[in-house]
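Subject: Structure for you, with notes

Hello,

Here is the structure I promised to pass on. Please open it next to these notes.

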Amino acid sequence: VRKLIAREYQDERDQRLVFLLVCGRRMRHIDGGRDHLDEALNALLLLAYVAVRQGDAVGLMTYGGAHRWLAPRKEPGTVTRLLESVYDLQASLDAADPLAAAKELLRALPRRALVVIITNSRDEDQAGLEQAAALLRRRHLVVIADLRESALDASLDAPIRDLQGALRFHAVNDWLAERHRHQERLRHLG
């Protein structure tokens with residue numbers, strides 16, 4: 001006797017989302033009247049709001065200056081709790097160590113989670129970022145949100161009228177190509 005089988009798929013719920021937010025000197029860059037840390041916090045709070053509404057637990061760890069840890073929770077007041085813990089954050093002059101932050105996060109977060117690293121990296125930060133991503137990837141799913149200055153795009157869109165403009169155009173293109181290679185290496189790491 002043949003019976004019909006119906007399969008219902010439901011979006012995954014009860015997941016954990018943890019933001020690993022750098023508060024070091026790279027986040028001091030002013031872009032459009034606001035620093036990168038403010039932009040990152042806005043994005044973080046919006047994404048946290050959506051995740052909590054979907055029934056997920058949300059947490060936060062900051063490093064590279066101010067150090068804050070909020071364990072993932074999925075209660076209705078989670079976004080308010082996040083806002084109360086980050087409202088006074090300022091980007092510091094300290095250098096950020098993503099590898100040390102990743103080690104600390106692994107100790108604090110034993111269960112699998114989606115870890116979103118929010119940073120504004122440079123070439124000299126790449127090795128530490130790659131090591132941190134590789135370490136976190138052993139237990140967690142890792143996403144890296146690497147901010148980009150709008151001044152780069154503005155310099156590419158500016159008309160080239162002299163040697164200085166041509167040099168600037170090529171320097172920005174070279175820098176962006178190197179950044180793209182770094183992103184591909186991170187993507188290759190998973």
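First, the ground rules. This is a predicted model, where local features need pLDDT of at least 70, side-chain atom pairs count only at pLDDT 80 or more, and totals for chains, interfaces and linings use all residues. Residues are numbered from 1 along each chain as its sequence is written, and side-chain values use heavy atoms, with hydrogens and water left out.

**Overall**

The protein has 6 helices and 7 strands. These are DSSP runs numbered from the N terminus (helices: H or I, at least four residues; strands: E, at least two). Their order along the sequence is β-β-β-α-β-β-α-α-β-α-β-α-α. The C-alpha trace spans about 80 × 50 × 30 Å along its principal axes. Of the 190 residues, 39% count as buried. Buried means under 20% relative accessible area, exposed over 50%, and partly exposed in between (1.4 Å probe, protein chains only). Areas come from the Shrake-Rupley method with a 1.4 Å probe; for residues, only the protein chains shown count as cover. Among contacts (heavy atoms within 4.5 Å) with a separation of 6 or more, 73% join residues 24 or more positions apart.

**Helix α1**

α1 covers residues 36-53. Its 18 residues reach 26 Å from first C-alpha to last, close to the 26 Å expected at 1.5 Å a residue. The expected span is 1.5 Å times one less than the number of residues. Its buried residues are His 36, Leu 37, Ala 40, Leu 41, Leu 44, Leu 45, Ala 48, Ala 51 and Val 52. They sit on the same side of α1 because they cover an arc of only 160° around the axis, taken from the directions from the helix axis to the C-beta atoms. Their cover includes β1 (16-22), β4 (57-63) and α2 (78-86). The face turned away carries exposed Leu 46 and Arg 53. Gly 55 follows α1, with a positive phi near 90°.

**Surface patch**

Leu 47, Tyr 49 and Val 50 make a nonpolar surface patch of about 270 Å². Leu 47 lies in α1. Leu 47 counts as partly exposed because its relative accessibility is 40%.

**Helix α4**

α4 (residues 126-137) has 12 residues. Its buried residues include Leu 129, Ala 132 and Leu 136. The buried residues of α4 pack against β1, α3 (98-108), β6, β7 (141-146) and α6 (163-189).

Best wishes

How values were computed. Patch = residues over 30% accessible without salt bridge, like charges linked within 9 Å, V, L, I, M, F, W, Y side chains within 5 Å. Salt bridge = Lys/Arg side-chain N within 4 Å of Asp/Glu carboxyl O.
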